[in-house]
Amino acid sequence: MSNFLIAVASFVAIAEAFVVLRTEGAVVNITGHSTNSVRGSGVLQVPVARRHHHRSKQKRQSVDGLRNDISGYSIQIGIGTPPQTVDVLLDTGSSELWVNPTCSNAWDPSGCNLNGFYNPASSSTSKSLNTGFSIQYGIGSVSGVYYTDNIAMGGAKIVAQQFGDASTSMSQMEGIMGIGWGKNVDTNYSNIIDQLAAQGVTHSRAFSLNLASIDVAQGTIIFGGVDTMKYKGALEKRPIIPYYQAPDFYPRYWIYMTSLGVTAPGSSVSNPVTTPTINQPIFPDSGSTWCYLPSGLFAGLLSFFPSAVNQGGSQYTVPCALRDQVGTIDFGFGGTTIHVSYHEFFWFDGAQCWLAAMPSTQFFLLGDSFMRSAYIVYDQDNSNVLLAQAANCGTNIVSMTTGPNAVPSIVGGCTPPAQSTSSSSAARTSTSSKLSSTSTSKSTIMSTSSKFLTTSSKLSSTSTSKSTTKSTSSKLTSSSASSSRKRTTSTISSKSNLTSPNSSSTVKSTPSSTSIISTCKAAATVTVTARSVSTAKAHGICTAVGQIF
């Protein structure tokens, strides 16, 4: 994610549409707006608006493309009784919801003010938990107090959801809704995904995300459902890598990418960037504008574009004429390949075109430049991420159920007749979701940054360990202020317990530092020092320093 959460843009509301929901053998027809929840269907569909802000009017335009043109995706929610409308950034790379940035400290105060604010005193259902939180980002910060209140989204309501009410923030344009792992994994309370399932809005802790093309202002998130007319081929099921085996020992939607290639214009063959088969841990992150690849993979990809020019910080511009050529960047996941067109991957900031990827040695993610060409299902209950080539040939929303096959195994309705139903790997070009929309001038946002998290709580330890590993919290730096965000969450006056299978931890705290000792399934002890926080939270198995992107 970008280090900058900036934006002034238009919020686009989709015109009324005819939606079909298939719920446990029944078909429910809905005529209305694209924001829909049918009671008992287990499905909640919410528009996702792309926010765009070109910063050329700033005092000094940076050579960093992420600073000049920030994009991201947000949804609109209502908080309290009666509901107060607030726009929040949708982030698959973090787990918590907070609102109310300090707009006087934002990059664009007037744009920030358009995002809406929540006043607990104006809600009859608000309740302060008298527990403070503090989040420090690579650029910017936020602190405040945890509250509970009702959250309305797309016709559904979550009762007494915990979230942060910010009292002070720096360089934040809007709040964030994290939809990563929640209770007993990354938080000590039930987050949005947990509560949707617990309160019966969805049947399971799962959702699908379709960001749509870069040329389209709006996509869709469906909590508890899949739109089979928004992809082609089969949904490739990829097990989420256990976080005690992940590169950063942190619970994210880590999966293995098995190949990377480039199909040059005029060619019908994907030329491998990698050896024929790799197993590269990586995670799809809606809060990141660009992709972050291991240095070797990035160098291989870059070699296909000799006209690219390093603008500093390993950020490359390319001739904009490339965007009009019919080529693709090809990301392989087992039997499925996601083809990202040059038009989607070479990112135009209003002045220059950028290769929307960077090398990294510390974290590896697939940001919006990849995700716009993929239909992605995040299934927490079964620890799977499912992917298919994004497309658009109508709407047919199928409810997810429960159990190991909660996500329906339905070949996408956009699949060409000659294509194998077992894989979408024959798909050669990315077909964008195109949603009819009408603009309403609104606000805002944007792009977020990758976050490194050490959060608050106490864990008790009973396990034994035979080997030890010592680690200290790292600081990610970049001459171009790349899109990583260091996040430290401090909780004041609270006690909580987090549990994870086969894991235990002990937290020892002093005013100046916090040591987290985690004994885990891998028979290793991880020690981390988190400075400048009063307490810290260890997240599950072998997790000491967590990176939230």
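# Briefing: sheet, core, cross-links and backbone

Four strands build an open sheet, ordered E19-E18-E24-E25, with antiparallel pairing. Its edge strands, each pairing on one side only, are strand E19 (271-272) and strand E25 (336-341). The model is predicted. It holds three disulfides and six salt bridges. The largest nonpolar core has 73 residues.

**Sheet pairing**

- Strand E18 (residues 259-263) runs antiparallel to strand E24 (residues 328-333), and five bridges pair them.
- Thr-263 has Thr-328 in E24 as its bridge partner.

**Nonpolar core**

- Six residues have the most contacts inside the largest core: Ile-77, Met-153, Met-177, Phe-223, Phe-331 and Phe-370.
- Phe-370 touches Phe-331 and Phe-333, among others.
- Further contacts of Phe-370 include Cys-291, Ile-338, Val-340, Ile-376 and Leu-387. Residues up to four places away in sequence are not counted here.

**Disulfide Cys-103 to Cys-112**

- The sulfur atoms of Cys-103 and Cys-112 are 2.0 Å apart, forming a disulfide.
- The torsion about this S-S bond is about -70°, so the Cys-103 and Cys-112 disulfide is left-handed.
- Both Cys-103 and Cys-112 are buried.

**Disulfide Cys-320 to Cys-353**

- Cys-320 is joined to Cys-353 by a disulfide, S to S 2.1 Å.
- Cys-320 sits in the loop between strand E23 (316-318) and E24, while Cys-353 sits in strand E27 (residues 353-355). The pair therefore ties together parts that are 33 residues apart in sequence.
- The S-S torsion of Cys-320 and Cys-353 is about 110°, so this disulfide is right-handed.
- Cys-320 is partly exposed, at 32% relative accessible area. Cys-353 is buried, at 1%.

**Disulfide Cys-393 to Cys-414**

- Cys-393 and Cys-414 are joined by a disulfide, S to S 2.1 Å.
- Cys-393 lies in the loop between strand E31 (384-390) and strand E32 (397-399). Cys-414 lies in the loop between strand E33 (412-413) and strand E34 (437-440), so the pair ties together parts that are 21 residues apart in sequence.
- The link of Cys-393 and Cys-414 is left-handed, with -105° about the S-S bond.
- Cys-393 is partly exposed, with a relative accessible area of 35%. For Cys-414 the value is 15%; under the 20% cut-off, Cys-414 therefore counts as buried.

**Salt bridges around Arg-205**

- Asp-194 and Arg-205 meet through their side chains in a salt bridge, 3.5 Å from N to O.
- Asp-194 is in helix H3 (residues 192-198) and Arg-205 is in the loop between H3 and strand E13 (206-210). The bridge therefore ties together parts that are eleven residues apart in sequence.
- Arg-205 also meets Asp-381 in a salt bridge, at 2.7 Å from N to O.
- Asp-194 is buried at 8% relative accessibility. Arg-205 is partly exposed at 23%, and Asp-381 is partly exposed at 39%.

**Salt bridge Lys-230 to Asp-227**

- The side chains of Lys-230 and Asp-227 form a salt bridge of 3.3 Å, N to O.
- Lys-230 is buried, at 5% relative accessibility. Asp-227 is buried too, with a relative accessible area of 3%.
- Elsewhere, salt bridges that share partners join Asp-194, Arg-205 and Asp-381 into one network.

**Backbone exceptions**

- Most residues other than glycine have a negative phi, and most peptide bonds are trans.
- Thr-81 and Pro-82 are joined by a cis peptide bond, with omega about 0°. Pro-82 is in the loop between strand E6 (69-79) and strand E7 (84-91).
- Asn-130 is not a glycine, yet its phi is positive, about 55°. Asn-130 lies in strand E9 (residues 127-136). At 61% relative accessibility, Asn-130 is exposed.
- Phe-249 has a positive phi of about 55° and is not a glycine either. Phe-249 is in the loop between strand E16 (231-239) and strand E17 (255-257). Phe-249 is partly exposed, at 35% relative accessible area.

Notes: Residues are numbered from 1 along each chain as its sequence is written. This is a predicted model: local features need pLDDT of at least 70, side-chain atom pairs count only at pLDDT 80 or more; totals for chains, interfaces and linings use all residues. Side-chain values use heavy atoms; hydrogens and water are left out. Helices (H or I, at least four residues) and strands (E, at least two) are DSSP runs, numbered from the N terminus. Buried means under 20% relative accessible area, exposed over 50%, partly exposed in between (1.4 Å probe, protein chains only). A nonpolar core is a set of buried Ala, Val, Leu, Ile, Met, Phe, Trp, Tyr and Cys residues joined through side-chain atoms within 4.5 Å. Contact means heavy atoms within 4.5 Å. Two strands pair if DSSP finds at least two bridges between them. A disulfide is a pair of cysteine sulfur atoms within 2.5 Å. A salt bridge is a side-chain nitrogen of Lys or Arg within 4 Å of a carboxyl oxygen of Asp or Glu.
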